[in-house]
Amino acid sequence: MDQKRELSSIDLAALVTELNRYEGAKVDKAYLYDDDLLRLKLRDFDRGRVELMIEVGDVKRAHVADAEHVADAPGRPPNFAKMLRNRMSGADFAGVEQYEFDRILTFEFEREDQNTTLVAELFGQGNVAALDETGEVVGSLSTVRLKSRTVAPGSQYEYPASRLNPLDVSLGGFKRHMRESDSDVVRTLATQLNLGGLYAEEVCTRAGVEKETPIDEATDDQLSALHEALERIGERLRSGDIDPRVYEEPLDGEGDEGDGDDADRDPRVVDVTPFPLSEHEGLPSVGFDSFNAAVDDYFYRLESEATDAGEAPADASASRPDFEEEIAKQERIIEQQKGAIEGFEEQAEAERERAELLYANYDLVDEVLSTVQDAREAEVPWEEIAETLDAGAERGIPAAEAVVDVDGGEGTVTVELDAESSEGDGDDDDGDTVRVELDASAGVEVNADRLYQEAKRIEGKKEGAMEAIESTRRELEAVKERKEEWEAEQAADDGSGGGDGAGDGDDGDDEAYETDWLSRSSIPIRSPDDWYHRFRWFHTSSGYLVIGGRNADQNEELVKKYMGKHDRFFHTQAHGGPVTLLKAAGPSESADPVDFAEETLREAAQFAVSYSSDWKDGRGAGDAYMVEPDQVSKTPESGEYIEKGSFVIRGDRTYFEDVPCRIAVGVQCEPVTQAIGGPPSAIVDRAATSVTFEPGMYAQNDAAMMAYRTLKERFADQSFVRKVASADQLQEFIPAGGSDIAD
């Protein structure tokens, strides 16, 4: 029989009670294996180490695992794992719930500064989403954009449509749902009552009802017996009266010709259930004290069997990094970026075509706009304008016939224009026309200019994507170099073995992989040459660029030349701080609106505070504020004067209070080699090693020398540190004023 690879809704209902016994355990770290297996390492006061595993790939499960069943930690953590570490490290596990009767678990974690909800979707394609206190998605393993729901960073998390809970439905409701079906009993229980095939058959067996009985032939007594069997299962789950079983299927010589060793081999696992099932009566089983332990044992054996059968083990990366997968991933990204560039070119050309069509049909478009504008000046309602245009179209008036939509809420009119040479712009209905949305309050020239500007903006995205391709190509080359180095080291160290493979995953976590840079005798230098290096800069833990001015001239330049309309402008309450810009351009896109995570905003605020007079004055913390770019101006009030590098801020501000003055400096070894510095939460995981500073007594140059000596001593290849992170290079990231190494 087929092996179980996904937990059912009934399984999850049984697990929730047991998982809640770990309430109060503190999160230590988060790890991500192969993009679909999330591991949260926690510490419980009574139980010690707790390993929570959530897998949402081909196998879908959620349970606490025995430490011996946990693979060694993977290599450098991906962004999703880094985000979870920053948000949840030190947080308390506050409980878990099953969403209705769906295969969805919501894990709650509480920390003094912020709370986090992890939603594990153990159905369909599977997903894990991290939500903030408001239910907004901070990050997710997969982005979902459907008509029915959206799961994407910056959006409110949306659960799937509600499902009937068969364990809570009343007898009357149960009979009504059953009678609405035109199928047989077991199929109706499995689909419309959401039980799934196995438990639908189990309910039929316990109720003594023939599974294939057509619904229209089922008696009320039979339906009552089915409902009673369901109620007994529900009561058993709610009371915790379980008797967990892992079911096995002996290897009766299947497919092993002449082997003769079946008697010495372990039986194959096929299912795990919270209580014995009549449907599995003929199968041998192993009992467990808890359902969690049974689930852990089952999936551990399932994975071991797959490994023994020749499939790749889940912890293969523990012995050899999967360079091929990383190389393939970077190559896929490059292809996607090339596709994006082609898309940008097509979009820009389509916008220019729309603008040119407005001029080609100038008189017609002008008549449409003038008609609408005259009506609005006469205070004619939008609905009446639409009706008038419809009537004009029926009479054959060309301008009215061209109008296909009037949107009073947006103040727009959409016209359909003949396009003699439009080829596949994606917005035409029959290939001979193009639809253009017009601002009804503006003229033809203004609407055309808006379209030309949009074309330029899209071309700007193309430039950003081209830069991203170059960055990805550098990362690809870095991976290939690491592969060559690793293979060379293995060849030189052949026969030394790959470690004991104990798999406790505690001390052998990703730090061991990262600090391997420290022990390497030679580290290749891959120096970047990015435009922003002459400013103060860092990348947030979520990957966004933050830049700040070093002086009044740079402050002016940042605002005039580099501040985009979707960026965020930060400054400190204290006088003498740098202009700080959080750039909306991500690693592979340019200037689109971004809903920045709270963590990202606080890192930018900490950057602004740490390089301000708050540090110079020896204060341990300071206040910063954030505004939109259109609130920043060089135009003073009448009779006032603005100093060079200063600006007038108008409108409401978002404040960040008591932001700690802390800066970490370190050495980054991949994908490029360079000195980096900024808020510790953004630097520590990105650097091979780092040093954190706070306001203190040592001058800037002395602090830089302290950092250099400390970092150099940690590397076997000290010449590498001299080249990429000398005292002079590190000093670029240390604030002016006194500093000291933080404890």
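Colleague: In β21, which residue is the bridge partner of phenylalanine 569?
Modeller: This is a predicted model, in which local features need pLDDT of at least 70 and side-chain atom pairs count only at pLDDT 80 or more, while totals for chains, interfaces and linings use all residues. Residues are numbered from 1 along each chain as its sequence is written, and side-chain values use heavy atoms, with hydrogens and water left out. Strand β20 (residues 568-572) and strand β21 (residues 580-582) run antiparallel and are joined by three bridges, where two strands pair if DSSP finds at least two bridges between them. In β21, the bridge partner of phenylalanine 569 is leucine 581.

Colleague: Which residue in β22 is the bridge partner of histidine 571?
Modeller: Strands (E, at least two residues) and helices (H or I, at least four) are DSSP runs numbered from the N terminus. Strand β20 also pairs with strand β22 (residues 621-627), in the antiparallel sense and over four bridges. In β22, histidine 571 has as its bridge partner tyrosine 625.

Colleague: How many of the five residues of strand β20 are buried?
Modeller: Buried means under 20% relative accessible area, exposed over 50%, and partly exposed in between, with a 1.4 Å probe and protein chains only. In a regular strand, side chains alternate between the two faces of the sheet. On one side of β20 the buried residues are Arg568, Phe570 and Thr572, and on the other they are Phe569 and His571, so both faces are covered. The strand is largely enclosed by the rest of the structure, because the number of its five residues that are buried is five.

Colleague: How many aromatic pairs does the count come to?
Modeller: Rings of Phe, Tyr and Trp (its six-membered ring) pair if their centres lie within 6.5 Å, and planes under 30 degrees apart count as stacked, over 60 as edge-to-face and the rest as tilted. By this rule the number of aromatic pairs is 17.

Colleague: What is the angle between the planes of tryptophan 531 and tyrosine 562?
Modeller: The pair links distant parts of the chain, with tryptophan 531 in the loop between α15 (516-519) and β18 (536-539) and tyrosine 562 in helix α16 (residues 552-562), 31 residues apart. Tryptophan 531 is partly exposed at 36% relative accessibility, whereas tyrosine 562 is buried at 17%. The two rings form a stacked pair, 4.8 Å from centre to centre, and the angle between their planes is 10°.

Colleague: Is the pair of phenylalanine 715 and phenylalanine 720 stacked or tilted?
Modeller: Phenylalanine 715 and phenylalanine 720 are both buried. Their ring centres are 5.7 Å apart and their planes stand at 50°, so the pair is tilted.

Colleague: Over which ring does the charged end of arginine 520 sit?
Modeller: A charge sits over a ring if NZ of Lys or CZ of Arg is within 6 Å of the ring centre and within 35 degrees of the ring normal. One such case is arginine 47, which lies over the face of tyrosine 22 at 4.7 Å from the ring centre. The charged end of arginine 520, at 4.4 Å from the ring centre, sits over tryptophan 517.

Colleague: Which residue meets lysine 4 in a salt bridge?
Modeller: A salt bridge is a side-chain nitrogen of Lys or Arg within 4 Å of a carboxyl oxygen of Asp or Glu, and by this rule the count comes to 37. Lysine 4 and its partner are both buried, and the distance from N to O is 3.3 Å. Lysine 4 lies in the segment before α1 (9-19), and the partner, 267 residues apart from it, in strand β13 (residues 268-273). That partner is aspartate 271.

Colleague: By about how much of the helix are arginine 206 and glutamate 202 separated?
Modeller: Their side chains meet in a salt bridge of 2.7 Å, N to O, in which arginine 206 is partly exposed at 27% and glutamate 202 is buried at 0%. Because they are four residues apart in helix α5 (residues 196-207), the separation is about one helical turn.

Colleague: How many disulfides does the structure hold?
Modeller: A disulfide is counted here as a pair of cysteine sulfur atoms within 2.5 Å. Cysteine 204 is buried, with a relative accessible area of 1%, and cysteine 661 is buried at 0%. The number of disulfides in the structure is zero.
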